[in-house]
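Open the model in your viewer and keep the sequence panel beside it. The stops below say what to select and what is found there.

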Amino acid sequence: RQRQLNKLKHTATTTADGEEIELSANIETVDDVKAIHKFGADGVGLMRSEFLYLNRDTLPEEDEQFEIYAEIVKKMKGKVLTIRTVDLGVDKNPRWFGNNGTPNAALNPALGLTGIRLCHAEPVMFRTQLRAILRAAHLGRVKLMFPMISGLDELKQSLSHLDTARRQLSERGDEFGDVEVGCMIEIPSAAMTVASLLKWVDFISIGTNDLIQYTLAVDRNDDAVAHLYQPAHPALVKLLAHVIRTANRAGKAVSVCGEMAGDTVYTRLLLGLGLRHFSMNINNLLDVKDIVLRSDTGKLENEIVRLLRNEDTDKVDSLLKKLNEENF
Ligand code: PEP
Ligand code: MG
């Protein structure tokens, strides 16, 4: 089977009814880039930048960050690199944060000063990263995206920091490149107001890991409630449908970069909801591709209408099973 999958590495990702699908990878370190080319990914849909900030006692400086981003951009050989600004605070809690790297001790860290909120609270740190990313964008195709945006105010605030970072670089006379700017949709309030957010960004990426956690009030890392963590919960399916449809209608790019994008159980569901760009752990890419090649999005879209009408989890599960077993 692995040998069969290997044959898919360099075939175009087109569905049975001729829809082109983009399959990108999520990366977390410089070393992960090699696999992009090895498995024929279209690009990087999510580079988590937390690694730059962890296991150290000081903040990474601009030049240090720039050099790492530049190295990755060059290794991409013309493919798109989507860098997510740093998303710290819950489980990834850096030492310079004054706590020796232990998990955030706030009562509800996942609802506390994390992600983009932490960046807004630390503007010098945030703009340092933004400048480093903008400089790296001079060397290749870079997209920039903000994590954990809860609504328009946070998005506008982030964009204003980006403007400041650009102005700082201009004043210094440093070279920097154009970036497409996007935000993650991983908080229900962002999903519900996505139409407004889309007016301000070039693309969005749905972070299902957090979107599931916040929609269902189920800690994504707590084994005691793992059985309640249901990616195909009717509420999630409706939210995903809304976000994907709204982006498609607005003519803006939308991807899913949570684990759901690399789980073949959900490939057809996502295709049927109108998703055309998946970003995932590279190890899942060929399995997902294999399903994409054997799927007909037109047929799936019709079937999904039935699934969307259903709010009974068992029925949703059996409809999903049907999607996966039969010829779609
Ligand atoms: C997500 O929440 O789905 C996501 C991709 O971000 P992370 O897993 O880094 O929180
Ligand atoms: Mg997330």
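Which residue in β8 does glutamate 22 stand opposite? Select both strands: histidine 277 in β8 is the residue that glutamate 22 stands opposite.

Before going on, a note on the ground rules. This is a predicted model, in which local features need pLDDT of at least 70 and side-chain atom pairs count only at pLDDT 80 or more, while totals for chains, interfaces and linings use all residues. Residues are numbered from 1 along each chain as its sequence is written, and chains are lettered from A and ligands numbered from 1 in the order in which they are written.

**Whole chain**

Zoom out. The protein has 14 helices and eight strands; these are DSSP runs numbered from the N terminus, helices being H or I with at least four residues and strands E with at least two. Along the principal axes, the C-alpha atoms fill a box of roughly 60 × 45 × 35 Å. A compact globule of 328 residues would have a radius of gyration near 20 Å, and the protein agrees with 20 Å (taken over C-alpha atoms; the rule is 2.2 Å times the number of residues to the power 0.38). Of the 328 residues, 42% count as buried. Buried means that 20 or more other C-beta atoms lie within 10 Å of a residue's own, exposed means 12 or fewer, and partly exposed is in between, with C-beta atoms placed from the backbone.

Select residues 22-27, strand β1. Five of its six residues are buried, so β1 is largely enclosed by the rest of the structure.

**Leucine 46**

Stay on β2 and pick leucine 46. Leucine 46 is buried, with 25 other C-beta atoms within 10 Å. Its contacts, leaving aside neighbours within four places in sequence, include Asn26, Thr82 and Ser279 (contact means C-beta atoms, placed from the backbone, within 7 Å). Its C-alpha atom is separated by 6.1 Å from that of isoleucine 83, 37 residues apart along the chain.

**Positions listed by UniProt**

In an unreviewed entry, UniProt lists Glu186 and Asp210 under "binding site"; positions follow the numbering used here, feature names are shortened, and annotations may be inferred rather than shown by experiment. Glutamate 186 is in the loop between β5 (180-185) and α7 (188-192), and aspartate 210 is in helix α9 (residues 208-216). Glutamate 186 is buried, with 26 other C-beta atoms within 10 Å, and aspartate 210 is buried with 22. Beyond four places in sequence, aspartate 210 is in contact with Glu186 and Ile187.

The unreviewed entry also lists Arg48, Arg84, Asn209, Asp210 and Arg220 under "binding site". Select arginine 48, in strand β2: it is partly exposed, with 18 C-beta neighbours inside 10 Å. Arginine 48 touches Glu28, Arg84 and Asp87, not counting residues up to four places away in sequence. Finish at arginine 220, in the loop between α9 and α10 (234-250). Arginine 220 is partly exposed, with 19 other C-beta atoms within 10 Å.

Notes: Two residues are in contact if their C-beta atoms, placed from the backbone, lie within 7 Å. Two strands pair if DSSP finds at least two bridges between them.
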